[in-house]
Amino acid sequence: MSQDIFTLFGGMTTENLMEIISESMDDFLYVFDIQNNKIEISQSAVNRFKISSRFLNNALNDVMPAVYEEDREMLMRHLSDVAAGKEKFHNLHYRWLDKEGRPVWINCRGVVVDDDKGNPVYLIGCLNETGNQRRADNVTGLLSGSEFYEYLRSQKDTISAGFLMHIGIDDFWRINSSCGSDYGDYILKNVADCMKECISDRQRLYHLVEDQYLIADLQDHNMEDAAALRKKICRKINEFIVSEQYKSIFTVSVGAIDARFALEGYEECRKKFEFSLKCAKKMGKNSFYSFQQEDYNVFLRKEKIIAALRRSIAERYEGFDVYYQPIMECVSETMVGAEALMRFTMNTEEGMEVISPMEFIPLLEETGLIIPAGRFILKEAAKMCCEILQFIPDFQMNINVSYVQITQGSVEDDIIEVIKKYALDPASICIEMTESGFIDMTIPFIRFRHKLESNRIHFVIDDFGTGYSNLHCISDMNPDYIKIDRDFTAKAMDGQRDYELFKNIITMIHSVNARICVEGIEQREWCQKMKKMGADLLQGYFYGKPCKKSDFITNYVRGN
């Protein structure tokens, strides 16, 4: 029954033969007819890269658009040497462009086939992606995430039940730092072994990245089963830690999603199980989190707002605005200043949406975007102050600064720069520390505070009575004045106990030569009570809500 293999393939075209072989490999086969300048390449390459057809009749011209621009000269030079008979082997590392135009590193190899006279006729070989993820991990002995993807693709029946568990070793970097990378690899393998002992034959375990794994269960199981499996795994890992005589103590966090999310496509599925693990770690580590759509919607909204903030800053702060709220002298009830407040409007598919400062300011701080955004607000507020001083000579502008701007930026230099730019008296600018900033006597803050004092720029502790704004701030930071939080004000106006406490706080603040501004004034009666208690400045809706620059100038400046 033996048959010569060449006889078997003899009647096949190159096209048929290439497709048969291509189905059995990841590489992309090609045959380059050097003399006629034609190329035949695997259909899988056409699907992957920026080439129009598997048959290219003007090879060099048709291939070059698929080659990364910086690499084209090198490729042309080498192919010229091949055509001239100077090179008998082709082995280059360079970049092709995928369908989206992104560069992909490849290794293109081939052998030159000569005719009877020794002239090069064909270049036959293959391309393979050198940046491809490994299919398996030799440390843990597990298949990789790319194989998990293939496993999902191979499912012939619709996934109707089960779960996907994303497992991460908490603070794995500590193990590598304290015990070395070899012991870290040892931990990775043994954690994998612990999980192998806990899963059933129909559950699959994969190694995704260094300290993360995934268990796929496409059977008739639910989140309760996933939670039970997680406990079983944790017990097994604890047994291993004890057997190692506590050389390294660690925990794992687990995020689980319903396996049916795989029906949405691998990418959406991956986003959800990665989100779930992040949530588990945020719970304090050594935790289990079961995916909740409501939490994910909140996360997606945050990402949407962050993306909008980035775009706005890149587009010269389109969408950002500064609103101003008047600050009144308590006894005369005349306006002596204003607070500049950041506002943001997001452009959505449904139209323009005004985003609450309580929602977008923490995101600015979290991403560091508060530094450029804060610089924009600072400039606008200083410019506004310069304009108002023409009408109200002793006017002061209050500008909020985040602790992030102090530690990660050079906001004190920005403040001094705008004061010089608009020729302002430094005393006309008051810098408020926002409640979300952690006020403490760190080196960056001491440097910041010293710069303000040496340049006669007023410093204000905002939202006193909440968060970290407590009594030590007054003695340590020597503020020019303190702003009482609006919620504290409302309580004092509603109960005798809080009223007496409020009155004593005002006395205490005055005893250290600091002034006090009371926020949240909403009624005439409250204003009268503040006068009796000896408050210095008042701010609140009773005197005016935050408004746009044009409205503020019309209502409070020119009519003052």
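Q: What should I know before I start?
A: Residues are numbered from 1 along each chain as its sequence is written. Because the model is predicted, local features need pLDDT of at least 70 and side-chain atom pairs pLDDT 80 or more, while totals for chains, interfaces and linings use all residues, and side-chain values use heavy atoms, without hydrogens and water.

Q: In what order do the six strands of the open sheet lie?
A: Strands of a sheet pair through backbone hydrogen bonds, either parallel or antiparallel. Strands (E, at least two residues) and helices (H or I, at least four) are DSSP runs numbered from the N terminus, and two strands pair if DSSP finds at least two bridges between them. Here the order is 3-2-1-6-5-4, with antiparallel pairing. Strand 3 (55-56) and strand 4 (89-97) each have a single partner strand, so one side of each is left without a neighbour in the sheet.

Q: How many bridges join strand 1 to strand 6?
A: Six bridges join strand 1 (residues 28-33) to strand 6 (residues 120-129). For Asp33, the bridge partner in strand 6 is Tyr122.

Q: How is a pair of aromatic rings described?
A: By the distance of the centres and the angle of the planes. Rings of Phe, Tyr and Trp (its six-membered ring) pair if their centres lie within 6.5 Å; planes under 30 degrees apart are stacked, over 60 edge-to-face, and the rest tilted. The count comes to 27 aromatic pairs. For Phe445 and Phe459, the centres are 5.9 Å apart and the planes at 65°, so the pair is edge-to-face. Phe445 lies in helix 16 (residues 443-454) and Phe459 in strand 19 (residues 458-464), so the pair ties together parts 14 residues apart in sequence.
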